[in-house]
Amino acid sequence: MKNDIKYSVILPTYNRADSYLKDAILSVINQTYTNWELLIIDNHSKDATDELVKSFKNNKIRLLKNYNIGNIAQSRNIGIKKSRGEFIAFLDSDDFWNREKLNICNKFLDNNKEIGICHAESWLYENGTEKVKVYGPEKNFKYEKLLLRG
């Protein structure tokens, strides 16, 4: 059977059920682009993370467990290994996405097949101000350059 998932969203978390995790999950569920799966990799939280994730009752969401003692890269790698999508998208559990994020990335990647990477950041501060982080120029987003620059 051919896999039809386009984006695997990797979301590592630890003890964020009472703060940001719900908003992060909702920001994926509410995307205008809907061909995604969400892999939440929990570092065995001691809060209500399991209950929160299960409360969404969404078959596009999978909850995985990891004992990594704070090594978020290990959680991301587990998510990548378990992913079924054509592309990987990372979301931290204290962040959330604009509703158009995957739609915009999808259009960009479809129109720029030689690139394969899409990145954008917008920082929203508690006082209501927003800062858009611009990275570039585009030549810095080539795969080889990203590997060399870390």
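**Salt bridges, rings and surface**

Arg62 and Glu37 join their side chains in a salt bridge, with 3.0 Å from N to O. A salt bridge here is a side-chain nitrogen of Lys or Arg within 4 Å of a carboxyl oxygen of Asp or Glu. The pair links distant parts of the chain: Arg62 sits in strand S3 (residues 61-65), Glu37 in strand S2, 25 residues apart. Helices (H or I, at least four residues) and strands (E, at least two) are DSSP runs, numbered from the N terminus.

This is a predicted model, where local features need pLDDT of at least 70, side-chain atom pairs count only at pLDDT 80 or more, and totals for chains, interfaces and linings use all residues. Residues are numbered from 1 along each chain as its sequence is written, and side-chain values use heavy atoms, without hydrogens and water.

How covered are the two partners? Buried means under 20% relative accessible area, exposed means over 50%, and partly exposed lies in between (1.4 Å probe, protein chains only). Arg62 has 22% relative accessibility, so Arg62 counts as partly exposed. Glu37 has 2%, so Glu37 counts as buried.

Now move along strand S3 to Lys65. Lys65 forms a salt bridge with Asp42, and the closest N and O atoms are 2.5 Å apart. This pair also links distant parts of the chain: Lys65 is in strand S3 and Asp42 in strand S2, 23 residues apart. Asp42 is buried, because its relative accessible area is 0%. Lys65 counts as partly exposed, at 33% relative accessibility. The side chain of Lys65 also meets that of Asp50 in a salt bridge (2.5 Å, N to O). Asp50 lies in helix H2 (residues 49-55) and Lys65 in strand S3, so the pair ties together parts that are 15 residues apart in sequence. Asp50 is partly exposed, at 24% relative accessibility. Elsewhere, salt bridges that share partners join Lys6, Asp110 and Lys113 into one network. The count comes to 8 salt bridges.

Next, the rings. A pair of aromatic rings is described by the distance of the centres and the angle of the planes. Rings of Phe, Tyr and Trp (its six-membered ring) pair if their centres lie within 6.5 Å; planes under 30 degrees apart count as stacked, over 60 as edge-to-face and the rest as tilted. How many aromatic pairs does a search of the whole structure find? It finds 2 aromatic pairs. The rings of Tyr7 and Tyr33 have centres 5.6 Å apart and planes at 85°, so this pair is edge-to-face. Tyr7 lies in strand S1 (residues 7-13) and Tyr33 in the loop between helix H1 (21-29) and strand S2 (36-42), so the pair ties together parts 26 residues apart in sequence. Tyr7 and Tyr33 are both buried. The rings of Tyr7 and Phe87 have centres 5.6 Å apart and planes at 25°, so that pair is stacked. Phe87 is in strand S4 (residues 87-90), 80 residues from Tyr7. Ring pairs link Tyr7, Tyr33 and Phe87 into a cluster.

Finally, the whole chain. The protein chain has 5 helices and 6 strands. Along the sequence they follow the pattern β-α-β-α-β-α-β-α-β-β-α. Of its 150 residues, 35% count as buried.
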